[in-house]
Amino acid sequence: MQHQRSSSVLLCIETSGSLCGVALADAASHTLLADISFSEPFLHDRLLAEAVQSLMTMTAVTFDAIAAVAVSAGPGSFTGLRIGAAFAKALCFDNSPQLLPIPTPEAYALSALPSARILGKNRICVGIPSHKNLVYLQYFMVNGSANDSLEVNSEGPVQLVEEGSVDIQANTLYAGTAFAHSPKFPTLPELFRCTPAMIAKAAFRRFSEQALVLSEDFVPHYSQEFVPKTIVVH
């Protein structure tokens with residue numbers, strides 16, 4: 001059973017990459033209240049709870065005031081997503097607050113939208129590294145006027161492709177960690193990795209659409225399933 005809260009405050013969690021971060025945001029005013037991030041890889045399990053506690057203390061926001069927990073849903077780091085999902089599900093175990101999954105490529109695309117318009121790009125390509133030379137790729141179309149800051153829509157689902165197969169297109173702005181070390185792709189440093197502020201921006205739209213799920217039903221977007229190797233003994 002889901003319980004409605006009158007508040008519009010969102011707790012936003014990002015653990016899909018090397019950065020571990022949390023933010024508090026007001027969905028009613030589309031305002032970022034505060035955020036904390038750590039750029040220490042492989043420490044998400046130790047830092048996440050501490051970051052949330054520090055954020056709540058810093059802002060004097062009580063847990064009862066949180067309407068929903070918005071969590072980065074991937075694709076991304078398997079371990080990072082697992083930690084973020086487990087933490088969010090624990091906070092929302094009785095569905096009060098409610099759980100709001102945020103597709104990580106959508107968070108990138110919405111944050112890249114203003115820059116795409118300034119640079120005259122009508123598409124955004126988000127790339128998130130997988131394993132070996134593979135990358136999660138998703139394209140978004142820039143729609144609407146300059147005053148319609150949330151108007152960006154995916155052209156299709158996330159694909160897993162070889163890194164070398166990604167084409168450079170003049171009408172496209174590239175975002176995501178996959179392009180951080182590839183100067184040939186038109187991109188910007190602030191779009192190299194996902195942040196809790198990016199999750200908050202996507203959460204505003206998802207919360208207005210009431211795209212909430214039961215905590216027990218939430219599974220991060222593991223585009224590449226883990227397949228154990230089989231050793232055949234003769």
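## Buried rings

A residue counts as buried when its relative accessible area is under 20%. That cut-off comes up again and again in this predicted model, so let's start with a pair it applies to: Phe179 and Phe185 are both buried. Phe179 comes in at 3% relative accessibility, and that is why it counts as buried. The rings of Phe179 and Phe185 sit with their centres 4.7 Å apart and their planes at 50 degrees, so this pair is tilted.

There are three aromatic pairs in the structure. One of them joins Tyr174 to Phe179, and it is edge-to-face, with 5.1 Å from centre to centre and 75 degrees between the planes. Tyr174 has 0% relative accessibility, so this residue is buried too. Put together, ring pairs tie Tyr174, Phe179 and Phe185 into a cluster.

## The sheet

Next, the strands. Five of them make an open sheet, and reading across you get S3-S2-S1-S4-S5, with mixed pairing. At the edges are S3 (31–38) and S5, each of which pairs on one side only. Ignoring direction, neighbouring strands in this sheet are turned by 20 degrees against each other on average.

S1 and S4 run parallel, and five bridges join them. If you want a spot to look at, find Leu11, which stands opposite Val69 in S4.

## Helices on the sheet

Which strands does helix H1 lie across? They are S1, S2 (20–26), S3 and S4, and H1 runs at about 30 degrees to S2. Helix H4, residues 196–208, lies across S1, S2, S3, S4 and S5, and its angle to S1 is about 130 degrees.

Helix H2 has 14 residues and spans 20 Å from its first C-alpha to its last, close to the 20 Å expected at 1.5 Å a residue. Its buried residues are Gly80, Leu81, Ile83, Gly84, Ala85, Phe87, Ala88 and Leu91. An α-helix has 3.6 residues a turn, so residues three or four places apart point the same way. As for what covers the buried residues of H2, the list includes S1 (9–14), H1 (44–59), S4 and S5.

Ser72 is worth a click. You'll find this serine in strand S4, which covers residues 66–72. Is Ser72 buried or exposed? At 1% relative accessibility, Ser72 counts as buried, because the cut-off for that label is under 20%.

The side chain of Ser72 has polar partners. With the side chain of Thr104 it makes a polar contact of 2.7 Å, and with the side chain of Glu14 there is another polar contact, at 2.9 Å. Setting aside neighbours within four places in sequence, Ser72 is in contact with Ile13, Glu14, Thr15, Ser16, Leu81, Ile102, Thr104 and Ile199. One of these contacts, Leu81, is also on the list of buried residues of H2.

## Ser96 in its loop

Another serine to look at is Ser96. Where is Ser96? Its place is in the loop between helix H2 (78–91) and strand S5 (98–102). Although it is a loop residue, Ser96 has 16% relative accessibility and so counts as buried, since anything under 20% gets that label.

Ser96 and Ile66 are 30 residues apart along the chain, and 8.6 Å separates their C-alpha atoms.

Conventions: Residues are numbered from 1 along each chain as its sequence is written. This is a predicted model: local features need pLDDT of at least 70, side-chain atom pairs count only at pLDDT 80 or more; totals for chains, interfaces and linings use all residues. Side-chain values use heavy atoms; hydrogens and water are left out. Helices (H or I, at least four residues) and strands (E, at least two) are DSSP runs, numbered from the N terminus. Buried means under 20% relative accessible area, exposed over 50%, partly exposed in between (1.4 Å probe, protein chains only). A polar contact is a pair of N or O atoms within 3.5 Å; within protein, one must be able to donate a hydrogen and the other to accept it, and residues adjacent in sequence count only if both atoms are side-chain atoms. Contact means heavy atoms within 4.5 Å. Rings of Phe, Tyr and Trp (its six-membered ring) pair if their centres lie within 6.5 Å; planes under 30 degrees apart count as stacked, over 60 as edge-to-face and the rest as tilted. The expected span of a helix is 1.5 Å times one less than its number of residues. Two strands pair if DSSP finds at least two bridges between them. Axes are lines fitted to C-alpha atoms, for helices over the stretch in contact, and angles run from 0 to 180 degrees between N-to-C directions.
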